[in-house]
Amino acid sequence: MIKRNVFLLILAIFILSLSGCKKAGEERTDTGLVLGFSQIGSESAWRIGNTKDIEEQAEAYGIGLMLENANQKQDNQIAAIRRFIAYRVDVIAFSPVVEEGWDNVLKEAKEAGIPIILVDRDINAGEQDLTTCLIGADFYKEGVMAAEYLIRKADALGLEQVRIAEITGTENSTPMRQRHAGFMDTIEKDPRMQVLESIDGDFLKSRGAECMRYFLDKYGDEIDVVFSHNDEMTIGAIPEIEKAGLAPGKDMLIISIDGGQEAINVLKEGKINCVVECTPKLGKALMETAIRLKNNESVEKIIHPEEQVFSDETDVSLIAPRGY
Ligand code: AHR
């Protein structure tokens with residue numbers, strides 16, 4: 001009996017120790033649905049806005065949310081998913097930091113009969129059917145929209161040669177691979193376009209600054225365009241361009257992705273030329289999908305939100321507050 005009580009006590013402490021989670025019992029709210037969500041980290045305003053949106057929507061839909069922040073580490077995400085399985089949540093959702101390496105833990109979830117929703121990013125599971133659906137942006141289209149803006153801008157400025165420095169997101173992540181592919185496939189048709197080099201900025205502001213210093217040292221004012229895969233890296237890169245005596249937005253065209261308030265303010269100042277939107281507001285679709293899965297209803301395989309382009313081609317003073 002004492003042994004059993006000690007075991008139950010240890011189990012309770014283990015459940016309570018889940019970082020960022022509510023106490024066991026508190027998760028079961030109006031819908032009776034408990035959702036385990038493993039977030040990548042807090043690397044950007046986008047990510048922080050995404051976490052906040054998911055928390056707010058869980059509350060609004062009466063869903064108990066067990067949220068864990070993996071601090072950019074895949075191992076932490078795998079451990080979090082295993083804890084969700086042990087706790088027997090109804091549905092597991094996660095934003096995979098990279099695409100490879102999920103097979104084992106997802107097979108464990110499948111064996112436990114817990115449906116998995118991919119949020120924001122995709123995985124590479126080959127032919128295996130380990131997840132129910134993906135709720136996230138069309139990253140390939142974002143790369144296409146960035147390139148289409150650049151081609152229009154080069155036409156408007158009458159540029160004969162366009163040399164591009166690309167700062168990419170986390171290597172082997174879906175947004176990095178697909179934004180790059182969409183951009184490259186689109187500029188390929190235009191002989192003026194040349195990518196000088198693409199380097200990994202890991203979606204971080206500090207890395208954006210480092211990458212920009214590297215580009216300026218190597219190519220100087222040969223660079224006509226900086227294409228950065230997220231706002232955080234763009235905001236890190238801009239002061240470096242200024243320190244080099246160049247005017248971002250004028251001497252160098254600056255193209256970013258996300259559309260957070262800070263980047264939109266810099267667009268309004270004229271130091272960014274174009275921001276392709278990537279909305280972090282995926283919480284509503286996530287909650288509605290989780291409820292459908294709990295009720296054994298079918299769900300759409302891919303849910304992409306509508307996204308737009310903010311650029312100096314329009315009156316940027318009219319852009320409404322972004323909320324993240
Ligand atoms: O996966 C979405 C990307 O991840 C966003 O563009 C970036 O800002 C975030 O960290």
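Analyst: Let's start with a term: on a 1 Å grid over the protein atoms alone, a cavity is a set of points where a 1.4 Å probe fits but cannot get out. A molecule sits in a cavity if more than half of its atoms lie within 2 Å of its grid points. By that rule, the ligand sits in the largest cavity.

The model is predicted, so local features need pLDDT of at least 70 and side-chain atom pairs pLDDT 80 or more, while totals for chains, interfaces and linings use all residues. Residues are numbered from 1 along each chain as its sequence is written, and side-chain values use heavy atoms, leaving out hydrogens and water.

Around the ligand (a heavy atom within 4 Å) are E43, S44, W46, R47, D120, R121, F139, P175, R179, F203, N230 and D258. Domain 1 (2-137 + 280-306) and domain 2 (139-278) both contribute to this shell, so the ligand lies between them; the domain bounds come from an automatic or database assignment.

Now for the polar contacts (N or O atom pairs within 3.5 Å). A side-chain N or O atom of E43 is 2.4 Å from a ligand oxygen. For R121, the distance from such a side-chain atom to a ligand oxygen is 2.9 Å. N230 also places a polar side-chain atom 2.9 Å from an oxygen of the ligand. The protein covers 100% of the 280 Å² of accessible area that the ligand has on its own, by the Shrake-Rupley method with a 1.4 Å probe.

Conventions:
Polar contact = N/O pair within 3.5 Å; in protein donor to acceptor, adjacent residues only side chain to side chain. 1 Å grid on protein atoms, 1.4 Å probe; cavity = no way out; pocket = protein on both sides within 12 Å on 5 of 7 lines; lining within 4 Å.
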